[in-house]
Amino acid sequence: MISMWKLRVCEFLAPFTTFLVGFFLLTFLLWLILAEVYSSILFGIILLLCLSFVWWLISPMVIESCFEVRWVDKESDPLLWNLVEEEAERAEVRVRKVGIVDFESPNVLTYGHMAWLSKMVFSRGLILSLNASEMRTVIAHELGHIKHGDMTIITPLVALLTLYHKIAESYIRSRLERRRSPIHQLVLAAFAYIFFLLTYPQTGLLSRVREEYADEFSVRQTRDPSHLISSLIKVSRGCALRPMDKSRVEGSPLRCLMFIDPTTAISEVEEMEDLLSSRWGIDVERLTAFLGFPRGRTSEEYGFHVFENFRSHPDLSHRLEHIIKVGKESKMPIVVGLTRVG
């Protein structure tokens, strides 16, 4: 188990560090204009506070610029709506809007600048890949972000990453398609990458800690670590089978909000499956019923770009072991496929 203070410290450090970096940059620019230190500091603080508030308000719209979502209600999709509503009531939180996005890879993300304005968006691939029990555990995982309050902090930070990706979008697409980028694209990407480097480390740290808490919350609320594990396996393999899906190409800046980071899934799914087979004897092929995918491919073949070089989630193997540990400590039976774990 992780102490709650670790999450709270990360929730403080991530926005504070980002604000501090912005303060120094903005104050320096104002000093170049005003040539007066104290005025630059004062105006820098006031201006940055105003900009931060506006950014916090519009951050959900910035995130939604990465995808086209179809919002559903109880009449248009009663099954999905009821699954979310029932788990939300048990968690004593509210999900204001539920949507579906046309991504083939299975995934889900939850965001919002206020807990009571939270939005949960499912990929079409996730709905087609998981059964009702697995969906409940994934929904509970996402509700954990609302319950813990970390969603409202990470949403504006991810919106910043989205802005940097938009600036470098041409370079990223060229890299994914393994084409040579013209010089102007490289210059824009380099500019965006500098600000990306100033934002991502603290955002990624918060994201990794919050994912472990959300896994713990899902296990405790549903008392079903078995289906959370099978969900993790299916979603990871589903992402790895579609390395050029929109969830990775267009949704790359949203990795910190996703249930599974597509880049992590692509690079770590083989290691995770080997662990499942050697340590617990779990037959992943039988469990997923997916076609196999080429093993041993390199990052160059997948076209990984510099904006993907940072980790947004814990290792897949670590997440599995953590879920199993929480389940065992709570004395819950863990059966994955036809295999009893522990």
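Predicted model: local features only at pLDDT ≥ 70, side-chain atom pairs only at ≥ 80, totals over all residues.
Student: How many residues does helix 1 have, and what distance does helix 1 reach from its first C-alpha to its last?

Tutor: The expected span of a helix is 1.5 Å times one less than its number of residues. Helix 1 (residues 4-34) has 31 residues and reaches 44 Å, close to the 45 Å expected at 1.5 Å a residue. The elements follow DSSP: helices are runs of H or I with at least four residues, strands are runs of E with at least two, and both are numbered from the N terminus. Just after helix 1, A35 has a positive phi of about 60°.

Student: Which residues of helix 1 are buried, and what covers the buried residues of helix 1?

Tutor: An α-helix has 3.6 residues a turn, so residues three or four places apart point the same way. A residue is buried under 20% relative accessible area, exposed over 50% and partly exposed in between (1.4 Å probe, protein chains only). In helix 1 the buried residues are L7, C10, E11, A14, T18, F23, L26, T27 and L30. Their cover includes helix 2 (37-64), helix 5 (132-148), helix 6 (150-167) and helix 8.

Student: Why does H148 count as buried, and with which residues is H148 in contact?

Tutor: H148, which lies in helix 5, counts as buried because its relative accessibility is 12%. Contact means heavy atoms within 4.5 Å. With neighbours within four places in sequence left aside, H148 is in contact with M4, L7, R8, E11, Y213, A214 and F217.

Student: At what angle do helix 8 and helix 14 pack?

Tutor: Axes are lines fitted to C-alpha atoms, for helices over the stretch in contact, and angles between N-to-C directions run from 0 to 180 degrees. Helix 8 (residues 183-222) and helix 14 (residues 316-329) pack at about 35°, with axes 10 Å apart. The residues that make this contact are E211, E212, D215, E216 and V219 from helix 8, together with H318, R319, H322, I323, V326 and G327 from helix 14. By class, there are three nonpolar, three polar and five charged residues; Ala, Val, Leu, Ile, Met, Phe, Trp, Tyr, Cys and Pro count as nonpolar, Asp, Glu, Lys and Arg as charged, and the others, Gly among them, as polar.

Student: What is the order of the four strands in the open sheet?

Tutor: Two strands pair if DSSP finds at least two bridges between them. The open sheet has four strands in the order 1-2-4-3, with mixed pairing. Strand 1 (69-72) and strand 3 are the edge strands, each pairing on one side only. Neighbouring strands are turned by 25° against each other on average, direction ignored. Strand 2 (residues 97-101) and strand 4 run parallel and are joined by five bridges; K97 has K119 as its bridge partner, and G99 stands opposite V121. Strand 3 pairs with strand 4 (residues 119-123) in the antiparallel sense over four bridges, and there Y111 stands opposite K119. Helix 3 (residues 78-91) lies across strand 1, strand 2 and strand 4, at about 130° to strand 2.

Student: Which residues point one way from strand 4, and which the other way?

Tutor: In a regular strand the side chains alternate between the two faces of the sheet. From strand 4, K119, V121 and S123 point one way and M120 and F122 the other, and all are buried. In strand 3 (residues 108-111), V108 and T110 point one way, L109 and Y111 the other, and all are buried.

Student: Is S247 buried or exposed?

Tutor: S247, in helix 10 (residues 246-249), counts as buried because its relative accessibility is 1%. Residues up to four places away in sequence not counted, S247 touches F103, S105, S252, M258 and P262.

Note on methods
Residues numbered from 1 in each chain as written. Heavy atoms only, no water.
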